[in-house]
Amino acid sequence: MSTQSEESRQIVASLAHRVGPTADIAGIAQAIMSILQDMDAALTPIIGQQGCVALLRRSLHLSASKHARLAGVHDRVQAAPDRAELKALLLEQSEADALFFGEELLTTFYALLTTLIGPSLTARLLRDVWAPSLSDTPSQEKSP
Amino acid sequence: MSTKVTINRLATGVPGLDEVLGGGLPEFSFNLIAGPPGCGKTTLAHQMMFALATPERPALFFTVLGEPPLKMLRYQQQFDFFDNEAINQSIRYINLADDTLAGDLDEVLRRIVSEVEAHSPSLVFVDSFRSVVLASQTQHNPNNNLPQFVQQLGMLMTTWQATTFLIGEYFTETDTNPIFTVADGLIWLRQSVERNSMVRKMEIMKMRGQPTLPGLHTFRIASSGIKVFAPAPLNPVETPMTLPVQRLKMGVPRLDEMLGGGLPRGYSLLVAGPSGSGKSILAATFLAEGARNGETGVIAVFEQRPNHSQNATLADLILCGKVGLVDSRAPDLSIDEIVQLLLSEISRLSATRVVIDSLSGFELALAPTFRADFRESLSRMVTALTRAGVSVLMTSELEDRYTDLRFSPYGTAFLTDAIIVQRYIEVRSRLLRIMAVVKVRASAHCDELRQYHINDDGLQIGEMLVDQEGLLGGRPTTRRTGDPDV
């Protein structure tokens, strides 16, 4: 298994952990937004707010263009890429779609940062985002 | 015991920089790294930062409106000194772009100070400081007083015991910039471009309380980072000559007696001759003779296709480590770089014999910007090497000009302690070789023009051509004995 997919697995696991076993759409949207917020908190001091916004936009673009089922999402978010809009959009999805969108967006964001500053520095900067979920509950806790 | 303050000097971790700075970086100093785009300012800052920052006394790197931090991380990572593990531990990047965009210098200062108070850093970098200045100028805010800002920043950073670097693009050092006055140190980086050659140079224009090395010092940026080529330190006390003078064997039969018993130890010898006259063979024999006597040597070759590989003896000596090879194919060499390469090989091998083959190739290998000063450079190199106590043999291509008895095309003959000259002559439709010892400083030597030839064992020196005269003219005539009128 490549490092890249190992990281993706961690991100998916971390998201699943934050969502918890009883996943309603509000919880899913909240979990995705909280991870994005943590990533922001880790990166903004270093690359600035504008740098973070640019990375998020590019990630949205990449994940939407990869999956046809996210195409509609893409157009709306490109029009108004702000956090509240993104959250509102997530809340409109089915639970499965929202979770899929979240996983896609977060792993794409991570992969994008990796192509720019390399795997080890990316891991170093975002370590704290995944750290709590990886240290306690394993990914088996995924909701059925 | 002295009650005066002791200024600690920090080791910058940049090879050669501490020497140029005059002993390291003064602790708690407030410095400016300046220069045009692409001259290595950010790299220099990063290299020092990674060398000096510790988790207890971290470094803060404030990025302002210069290079976007994401790119900086991307590119700086390519250097060996960049340690990912240090990020967010001993090194913290702090983005001030938004504060600077607002153009409020008081706010920028407040942010810097609050971060400094929070982390108690030993090192603070602001990159690029020029953008802070420009941002402040776009505002018509009377409170944005740049001199006051710089003065306060300098005072606060020193009070918090932080060694500070402002990094900025400045093109002329004559700018009347308040930073130049307030700063304790000014490190100016330059790029000198001539034709297709580019040479990086560094100047310490100011460093309070330090005997910096004046002038421009060349440096390179490689994957290991910046390396500054400080001039070789001049040892004021020359190694006293041991008496009786020790003489080195040259390895060429009969040449030692021509030199008056061998080459005095610590001498520099110039072997000048036309192409194909056997200068390189003589040089290789000199090293081989040293190796035979348990000495080690260093050879610097500057040919496009180095002929050391064609000389089996020399190749063996290099292979078995008895001779160190300096074969820098790096473009745009500077004299200090070569001297440093030579000196480090000399000290690594405790070498006593050094060969430079050839001065002509060396001149071509130098960056065009240094060629004008070639004689001066050569003089510095010879001085540095002989002060290191080694004996130096240099070869020099000598165009055959039979009307002109010169030993070196550079007018450098006076620099060397001894000279051997080689010549072609025409005798009975053959091209013969002759050589003579022209000079051995403070020593008697042979004044004969001897014929020699080259075979598989190297140079074989023969007799004088007593029946010929006018040898140095290249077309000797047979001397008619007993007929003084002709």
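**A helical chain A and the sheet of chain B**

Chain A has six helices and zero strands, where helices are DSSP runs of H or I with at least four residues and strands are runs of E with at least two, both numbered from the N terminus. This is a predicted model, in which local features need pLDDT of at least 70 and side-chain atom pairs count only at pLDDT 80 or more, while totals for chains, interfaces and linings use all residues. Residues are numbered from 1 along each chain as its sequence is written, and chains are lettered from A and ligands numbered from 1 in the order in which they are written.

Read along the sequence, the pattern of chain A is α-α-α-α-α-α. Of its 144 residues, 35% are buried, a residue being buried if 20 or more other C-beta atoms, placed from the backbone, lie within 10 Å of its own, exposed if 12 or fewer do, and partly exposed in between. Among the contacts in chain A between residues at least 6 apart in sequence, 69% join residues at least 24 apart; two residues are in contact if their C-beta atoms, placed from the backbone, lie within 7 Å.

Between the chains, 14 residues of chain B are in contact with 14 residues of chain A. On the chain B side, the elements that give two or more residues are α3 (69-76), β5 (91-95) and α4 (97-101), and the largest share, four residues, comes from α3(B).

Strand β5 of chain B also belongs to an open sheet of nine strands with mixed pairing, in the order β5-β4-β6-β7-β3-β8-β9-β10-β11, where two strands pair if DSSP finds at least two bridges between them. Strands of a sheet pair through backbone hydrogen bonds, either parallel or antiparallel. The edge strands are β5 and β11 (225-228) of chain B, each of which pairs on one side only, and the twist averages 25 degrees from one strand to the next, with axes taken as lines fitted to C-alpha atoms (for helices over the stretch in contact) and angles running from 0 to 180 degrees between N-to-C directions.

D256(B) is partly exposed because 17 other C-beta atoms lie within 10 Å. Not counting residues up to four places away in sequence, D256(B) touches K249(B), M250(B), G261(B) and G262(B), whereas its C-alpha atom and that of E56(B), 200 residues apart along the chain, are separated by 64 Å.
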